[in-house]
Structures are given as C-alpha cells and as structure tokens.
Amino acid sequence: MQFLDTAKPSRFMKFSLVIFTMLMLGLGLPSGSAQADSVGEELPFGVSGNVKVDGQGVEGVKLSVSGPGYSANVETDANGQWFVGVPERTNYSVTLDESTLPEGIAVLDGEPVREVEIGVGGRSVMNFFIGEGERNTVSFGDQLVARLIYGINFGLMLGLAAVGLSLVFGTTGLSNFAHGEMVTFGAVAALLFGVILEVPIWAAIPLAVALSAGFGWAMDAGLWRPLRKRGIGIVQLMIVSIGLSLTVRYVIQFFIGGDTQQLPGFDSPKINLFGAVALSATDLISMGISIAVILAFAYWLLRTQTGKATRAISDNPDLAEASGIDVDKVVRIVWILASAMAGLAGVLWAYFRPGIKWDMGTQILLLIFAAVTLGGLGTAFGAFLGALIVGILVETSSLFIPADLKYVGALVVLIVVLLVRPQGLLGRKQRIG
Amino acid sequence: MDWGIILNNTLAAILTPTTLAFALAALGLAMHFGFAGLLNFGIAGFMAIGAYSYAISVLTFGFPWWLAMLMGIVGSILFAILLGIPTLRLRGDYLAIATIAAAEIARLLFLTTSFTDVTGSADGLFGYNNAGGFNDANPFPPGSYGFGPWTYNRETLWVVLFGLVVLALCVWLLWALMRSPWGRVIKGIREDEDAIRALGKNVFAYKMQALIIGGVFGGLGGIVYAAFANVSPGVYVTSLTFFIWTALLLGGAATVFGPVIGSIIFWVLQAFLSNVLPALATAGILPISSTQASTLRFVLVGLGLMLLVIFRPQGIFGDKRELTFVK
C-alpha cells in the first residue's frame, strides 16, 4: 500500500476483489450436496450457493435468507457451500454478512444483498464469487424498464380490486376491510375448480370469477343489506367488515391449511422480450385480461343505465333515491361486480406472487386502500389510476430501497397523500368531511 | 379429555402478562376510540414502538431498564405526534386507514434486514431483560408462588406484579382524566366536534393529547409484553390490532374498566377454546384435525366481533346512551 496516496487505503485493497454474481443459474450447481451446511432441508424450495475467493471456498461466512414471513441464517462449510430451504416460491433476499469474510476481503460495491427468485425447479442458486473477474450486471435503464412493466402488471391487478373497493365505498360509505378476503376467495375458488376438481384452467378461472360474484351477492343479501335496513352507522359497519375479514380468512385457512398451493401453469417459462424484460405467457395474458375487464367496466360505468345510477348514488344517495333509482338493486349489483373483480384480481395475484395462501389477500389489502385513497375514495377511475401508480411504485422502488421495504414506499405515499391532498387525485374536497 | 387441565389453563388466563399487556393496549384504545372517538387501527404499532424502544435502548444504547422503559414511553409519544399531525384533521375512516398503514410501516421497518444490527430483523430481540437489569430488580427469591391455576415462577410473578402496577396506574389515570373538565371536552369532541369548536376549544390539540395518552398506554402494553416474551415483529401484525379491538368492544369502549374486563374475557375464551377444541378433535367428537381445531377459534373471534358490533355495540358494561358509533 506504499503507492497509495489517497486517504482511503481500504477502498484500494478492495480493488482486487471483485464480486461475481450469478443470478438464477437455471440448472444450478449440485445444490443439496452433502457437504453444504444446510438449514431447512425439509422445506419444499431452496436456495443454495458458493462463496469463493480466487476459486477457493471460504468457510464460516454467514448468510441470511429472508422473504415474506420467513428468514433463516446459514454458515458456509469448508468448501464455501451453503443451502437454505424456503417455504414459498417467491422472491427472497440473500444477505452476505461482510464481517464474517476473512480479513481484508469485502464486497466491492457495498451491496452484499442480492434478490433471488425461486426458479422452475424449486431450487435457486445464489453464488457469491469473491475474486478476480468481471461483474455481470444489467444496466440501470434496462432494470428500470423491466420494473416498470412488472409494476404495470401488478398495478393492473391491484386496479381490478381497487375499483370494486372504491365503488362499494362510493355507494354505501363502507370502508370494506374484508375486501382482501374477497381477493383470496377468488384465488381459492380457482384452486377448487382448477386443481381439486381438475377442470381445465381456461374454464376454472371464469367459474372462480362467477363463484366470487355469487359470494358478493351472498354477502350483500345475507349481511350488508340487513345491516343497512337496521340503519347501522358506517363506523360500526367498518368494524363488522373487520370481523367478517377475520372470519373468512380463518375459514379459508381451516379448509386449505397454512401452505402455499399453485395453480396449473404458474411456472410457464419467461420469454425475453427486449432488454432485461422477461415476461411469461401468463404475465401477458394476465395483463390482457386486466385491461379488457377494466375497459368493459368503464363502458358499464359510463354508458349503461345501471352504471349511471351507480355514479348518481355515489354523488348523492338521497337525491338518487328520490329520483326513482332503486338504490338496493344498484348496491347489490355493485357488490356482485366488486366481488367478481376482486376474485379475478385474486386469480391473477395467485399467478403474480406466485401461489395461493390463506392470507394472500390481507397482504395486499393496504396496497388496495393506498390505491383507492391516492385516487380519491369513491371514484372508480381514481382508484384505477391510484392502483397503477402504487403498482409501479412498489416494483420500481426496489431498485432504490431494500426489497423487503418495497411495500413501505406505497404506505408512506398513502399517508403523504392524506397530508397534502386528502381528497386524492380525482376526488372532490367535500368528501373529506 | 382431561377437563381438569382445560379448566386450569382457562382460569390461568385471567392473570397472565399477556392479558395485562392486552388490557393496557385496550385501555389505550378506550382513550382513543371510546372517549375521543378516534378510530385508531394502529394500536399494534404503538405496542411495537414501546417494545422495540425498550429493547433497543437496552441492547444498543446500554440504558438501564427503567430508563429504557421511559424511552419506550417517549417513543410512543413521538409516534402519536407523527401520526396525529397529518391525520387528526381527517374524517374517521381516513384516520383508520392511515393508522393501520402507519402500524404496518413500523412493523416492516422492524422486520427489514436493512437494520438487522439494531432490530434483529425477523428474529426479533431478546436478552434485554437481563442486560438492562429488569430481571435483577426482581425482589422475589427463587421459588413457586401463588395457588391453583395462578401459580407463577419467580420471573413471571415479577412481570405480573409490574404489569399490574402499571395497569392500575393507567386505569386510575384514565378514570381521573375522564371525570375532569378535560375529559368532558374529549367526550364532547366525540359527540359533536363542531359544537366544541364553537365553544372556542382547540379541537386538534385535544385530539392530539388524547392520541398521545392512549398511545402511551399502548406503548406500555408493548413494554409489559416485552418484559415477558421476546420482541418479535411477527407479533405486532394487524390481527393483533383487531384482537385488541375485539377485547375493547367486549368490555365496552366508553368505559374505564371495560377494556380490562374485556381483555380478561377475551383471553379466558381463547385459552378455553385453544384447549377444548383440539381436545374435542383428538377425542373424535369434532370430525376435524387438531390444526383445524386451533384455526376454528379465530373464526369464532371474527364471528364474535361481528355479532358484538351488530347486537351490543356498547359492550357488556357500556351504557347505550354513551354509544360511540354516533357517525
């Protein structure tokens, strides 16, 4: 280091040590090898890898793998190998604890955290090669474009759920906390038809949406309409919806258990479209369906008589009733539509995550609320716009902040919107009361 | 099926650190919702802030336990102020969504691997009760105390005693506040905000004070729970908030003792169901697996909450005239 004249000798030392990361090697190394120090081998999926300096495995390096509701720590064995079993087929972040690397060795770019997606085979490889070589990365611009497209996909799916929540709020004044369970219900219905009853998936999804519509009708006829007749206040109704949310959520857990289950075709291969953008056929179909349904919904809301009546009730329920609109009938249709769209969103969310779990709807409930609030409570198109923004924000924010904080961005936006423009983007001031 | 054990476990739930922590949090909600009419759905966030502030103050900053617990209170106050500034001017349901979001933000920040050094990430924090000297401050010599279902070891007895003292102080404070002129203004805000504003009161300031006091109760609930069990981010989920709401509404939202009694009833029922349902399943009386049997009690919590709000919104001890669901 005698040739060093800057104030940062340690930086220079790192210069010879370059991280070479290989993300998602399709075939992978012999991951479950006997020598690898392994954790959670009984779990269905797994991440494994090597930590090497100049081709030599490094022993005793600590790594942690974390994802939604799960985390595990592991230490490399004498060959630098490690394995961590994970419960779900989703994204996990792998963190290399730099302080456990040998003296003088560090991660050059200060990013010892990598995201890994559990691949088709249920096993993924995440190698930290610490030694000479070239870094293999995707340029920032390409990543941004890819994230934007994933964000639009996620946002469209959120939009399907958000529009329904917003319509229900507009016509009945209810902030429905059970909307997340309506999302889960759709996915579970698809599981029932597509996997348990083995109906072909192209028929199972419409059946699931139809069953969701029926669920919406049943909720309105069995619970919400009688409560409206009793004249129960909206705060009370909101807490009833929380009780309903708990009930439905745990009834679903009662039947499908705590595990994640998959729909057929969830692992359709990704097609490289351009740059870093790789979408599967399922993703493309999902986006197509979302757009078609939203357009059909917009036509219904703007052009049909029931759609006009819905907007009239959202504006002023008493005036709407006085001008001869059958409010009960319209509200019933709104519940059926909201539930059907939430159910469809659930099916798409099951492909996007991927996986069906009893609390999957609850996981995005607050994002749906964020979308609805951002767009303006009670406005259907505002909710859709808000959902797109939230979806894009959630996906692109993981470029700047740790992946496990990506929902935080959307929730902060929710609170900031309430601070500066409580009526939302498309809402009107009078609604904030 | 051993009814003796089931009965014993059920009765034991009357006085446990968990029940005490629940009662404190429910008391905070009573201040927020029952008396001030603030729809706070972020009480789990207040508990998390209290528990983490206590644990982090000990483990990261090396504070003694009493100072660390004071930091837990300070943390709850700061969280209340931070939350109140943007949201207290909003209508009820907006406040509900904002508070539930804030509690989730807090939980996700505690859960992220970015701050593992301080928060312990998904593993949570432990060992602070020894490091901070809370366990050393235990005045009881080793041994077994109490009788029947209420038999505690030295450590649990100390937490129970500590929790009881804190709870008694908070109940007294709430009772005293609610019969003071301040309390009458707070109840007035709940009934008609504009009328109170017309009397020249600063409604925002009163609401903020109520949010802070209730938030401190919630934070103390988190601290008492942390004194008993490890601090883990998996505890402070939105379901916890909903369970505390259920406990509050059971007892009666606009009462001082209701939240305490409600928490006891909630945990006694939980203990009973979590013992009796799997036992019925194992004995073959219920045709379900024992995992399903333990899920069933949460279904019953949800159903109970719905029926309670529909048919007896004032709770068991509440007065129908002091119904807080006015809007």
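Predicted model: local features only at pLDDT ≥ 70, side-chain atom pairs only at ≥ 80, totals over all residues.
1. **Contact between the chains.** Chain A contributes 42 residues to the contact and chain B contributes 41 residues. On the side of chain A that touches chain B, at least two residues come from each of β5 (62-67), β8 (91-96), α5 (234-256), α10 (360-375) and α12 (406-420) of chain A. The largest share of that side belongs to α5(A), with 15 residues.

2. By residue class, the side of chain A that touches chain B comprises 28 nonpolar residues, 13 polar residues and one charged residue.

3. **Largest nonpolar core.** This core holds 213 residues, and A370(A) and L24(B) are the members with the most contacts inside it. Helix α9 (residues 327-352) of chain A provides the largest share of the core, namely 19 residues.

4. **Surroundings of L24(B).** Leaving aside residues up to four places away in sequence, L24(B) touches V166(B), L167(B), C170(B), F217(B), L220(B), G221(B) and V224(B).

5. **Sheet in chain A.** An open sheet is formed by four strands of chain A in the order β6-β5-β8-β9, with antiparallel pairing. At its edges lie β6 (70-75) and β9 (113-117) of chain A, each of which pairs on one side only. On average, and with direction ignored, neighbouring strands of the sheet are turned by 20° against each other.

6. **Pairing of β5(A) with β6(A).** These antiparallel strands are joined by six bridges.

7. **Helix pair in chain B.** Two packed helices are described by the angle between their axes and the distance between the axes. For helix α2 (residues 17-35) and helix α12 (residues 238-251) of chain B, the packing angle is about 75° and the axes are 9 Å apart. Because angles of 65 to 115 degrees count as roughly perpendicular, α2(B) is roughly perpendicular to α12(B).

8. **Residues between these helices.** From α2(B), the contact uses F22(B), A25(B), A26(B), L29(B) and A30(B); from α12(B), it uses I244(B), W245(B), A247(B) and L248(B). The contact of α2(B) with α12(B) consists of nine nonpolar residues, with no polar and no charged ones.

How values were computed:
Residues numbered from 1 in each chain as written. Chains lettered and ligands numbered in written order. Contact = placed C-beta atoms within 7 Å. Nonpolar A, V, L, I, M, F, W, Y, C, P; charged D, E, K, R; others polar. Core = buried A, V, L, I, M, F, W, Y, C linked by C-beta atoms within 7 Å. Buried ≥ 20, exposed ≤ 12 C-beta atoms within 10 Å, placed from the backbone. Pairing = 2+ DSSP bridges. Axes fitted to C-alpha atoms, helices over the stretch in contact; angles between N-to-C directions. Parallel < 35°, antiparallel > 145°, perpendicular 65-115°, else oblique.
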